[in-house]
Amino acid sequence: MTSATDPLPLPPTVRLIATDLDGTLLRDDKSVSERTVAALAAAERAGIEVFFVTGRPARWMDVVSDHVHGHGLAICANGAAVVDLHAGGKLLEVRPLARASALDVVQRLRDAAPGTTFAVETATGIHYEPGYFHLDPGATVAVAEKLLHEEEPGSAAPVLKLLAQHGDLTPDGFLTVARTAAGDLATITRSSPTSLLEVSGLGVSKASTLALCCAERGISSDEVVAFGDMPNDVEMLTWAGTSFAMGNAHPDVVAAASGRTVANNDDGVAVVIERILAAHGAGQQA
């Protein structure tokens, strides 16, 4: 592991930068610093694509929508959706969690971690169980089994994520319990500092969707530089040829990344982008 004070050698060709948002590109107040805005724009001018790769749903992408250049695509919901930010977050591709699988996960987590409450993130919005902390006053509130039920199979909006919350277990402890109980049914991860898990379709992750997007562009993993801070970034940082854990990153992320930059509040992503551009002739690719 290379530290922020011992710069990691950069690859000879960088064609795409993939960055998480919360705790990574965004400062703790959810702002994007002027330095980071300038670095993102400079990267795009230099011919390097920038992908925002986040656990956020498309409706929460307004924090970066003004800073999108080039293609305007983002990977949301931990890889479950590819969205066009130039078109107001229009869904271009969905990799859903099958409702039958989600129901099986709900049952297993109820058995393994009594007291778990759930929310269902669909392509059209989010809905909650009673007892789940409510973020959207317009959401449907019902037990998960009802939220996941379809009157006619295939008629309901695709499920992007199942969210599971526990009031007593530690965040990492809850993640371990859930993966042991239901990891064969779905991809289970977390990005919150609280005991809130995010459940996607089996094999769906930031890494797998990013790999598909890169393959469409003829970009290899060796040409990708990735940034992240939480367990839902681990697969992406492992897949990318060069990757950086933020100075504020979870220990699993530090272990997975090939290098480390400074914290999100110190513009860690911008620090590395500036190095990339300087290494390639003040913004010109070698």
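Arg-15 is partly exposed in the predicted model, its relative accessible area being 31%. Its side chain meets that of Glu-223 in a salt bridge with an N to O distance of 3.5 Å; because Arg-15 belongs to the segment before β1 and Glu-223 to the loop between α6 (206–217) and β11, the pair ties together parts that are 208 residues apart in sequence. Glu-223, with a relative accessible area of 17%, is buried.

The strands that follow these two residues, β1 (residues 16–19) and β11 (residues 224–228), pair in the parallel sense over 4 bridges, and Ala-18 stands opposite Ala-226 in β11. Helix α9 (residues 268–279) packs on the sheet, where it touches β1, β11 and β12 (242–245), and its direction makes about 165° with that of β11. The open sheet comprises 8 strands in the order β5-β4-β3-β2-β1-β11-β12-β13, with mixed pairing, and its edge strands are β5 (90–94) and β13 (259–260). Helix α2 (residues 34–45) lies across β1 and β2 (49–53), running at about 135° to β2.

Across the whole structure, 15 salt bridges are found. Among them, Arg-110 forms one with Glu-129, the closest N and O atoms being 2.5 Å apart; since Arg-110 lies in helix α3 (residues 99–112) and Glu-129 in the loop between β7 (125–128) and α4 (144–147), this pair ties together parts that are 19 residues apart in sequence. Arg-110 is partly exposed at 26% relative accessibility, whereas Glu-129 is buried at 4%. The side chain of Arg-110 also meets that of Glu-145 in a salt bridge (3.0 Å, N to O), which links helix α3 to helix α4 across 35 residues.

Conventions: Residues numbered from 1 in each chain as written. Predicted model: local features only at pLDDT ≥ 70, side-chain atom pairs only at ≥ 80, totals over all residues. Heavy atoms only, no water. Pairing = 2+ DSSP bridges. Contact = heavy atoms within 4.5 Å. Axes fitted to C-alpha atoms, helices over the stretch in contact; angles between N-to-C directions. Salt bridge = Lys/Arg side-chain N within 4 Å of Asp/Glu carboxyl O. Buried < 20%, exposed > 50% of the residue type's maximum accessible area, 1.4 Å probe, protein only.
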